[in-house]
Amino acid sequence: MSEILIKQNRLYKGIFWITDIDNVYSSDLYFLIPCDINGNINDSDFEILSTMSAEHSDNYNHKKVWNTLPKKTTHGKSFDYYPRGRTEIKNGIAVIYHSPYIPQDDLKNWLIEKFNLTSSNGIKKIRLVADGSNHYKCWLDY
């Protein structure tokens, strides 16, 4: 889980892995970036290290973050083993790109809780995009 202190009233974007698609709520592998309703980082104390960021971006990269995790957490699996996704925010709309194997209703509720995607944080809409491209392939595709 993210090393930053999670605040109940703060909005986040970031990345996640779902380690148990039968029980999304048991997954606790996500990395949060404090942001405003346009996805801009809004915490002067927060910095994404270049060893964890996507190129030319203020967002995390799944593979780079995974490579920083202990084997106890990754179970010796590669970064693309578990179904995964990304939460992006712009103009008060949260767009969730994710592996199509993750149940959308459960995922939406889990993300609302973990990323604080609430109307009180300025979120007007949550859109889930099941991405079956190579980018989100996991063990279930093979």
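User: In which loop does asparagine 91 lie?
Analyst: This is a predicted model. The phi angle of asparagine 91 is near 55°, a positive value in a residue other than glycine. Asparagine 91 lies in the loop between S3 and strand S4 (93-98).

User: Does asparagine 91 count as buried, partly exposed or exposed, and what is its relative accessibility?
Analyst: Partly exposed covers the range between under 20% (buried) and over 50% (exposed). Asparagine 91 therefore counts as partly exposed, with a relative accessibility of 45%.

User: Is histidine 75 buried or exposed?
Analyst: Histidine 75 sits in the loop between helix H2 (71-74) and strand S3 (84-90). Its phi is near 55°, which is positive although the residue is not glycine. The cut-off for exposed is over 50%. Histidine 75 has a relative accessible area of 55%, so it is exposed.

User: In what order do the elements of the protein chain run?
Analyst: The secondary structure comes to 3 helices and 5 strands. Read from the N terminus on, the order is β-β-α-α-β-β-α-β.

User: What radius of gyration does the protein chain have?
Analyst: The C-alpha atoms fill a box of roughly 40 × 30 × 25 Å along the principal axes. For 142 residues, a compact globule would have a radius of gyration near 14 Å, and the protein chain agrees with this at 14 Å.

User: How far apart are the mean positions of the positive and negative charges?
Analyst: The protein chain has 17 positive and 17 negative charges. Their mean positions are separated by 3 Å.

Terms used
Residues are numbered from 1 along each chain as its sequence is written. This is a predicted model: local features need pLDDT of at least 70, side-chain atom pairs count only at pLDDT 80 or more; totals for chains, interfaces and linings use all residues. Side-chain values use heavy atoms; hydrogens and water are left out. Helices (H or I, at least four residues) and strands (E, at least two) are DSSP runs, numbered from the N terminus. The radius of gyration is taken over C-alpha atoms; the globule rule is 2.2 Å times the number of residues to the power 0.38. Lys and Arg count as positive and Asp and Glu as negative; His and the chain ends are not counted. The place of a charge is taken as NZ of Lys, CZ of Arg, CG of Asp or CD of Glu. Buried means under 20% relative accessible area, exposed over 50%, partly exposed in between (1.4 Å probe, protein chains only).
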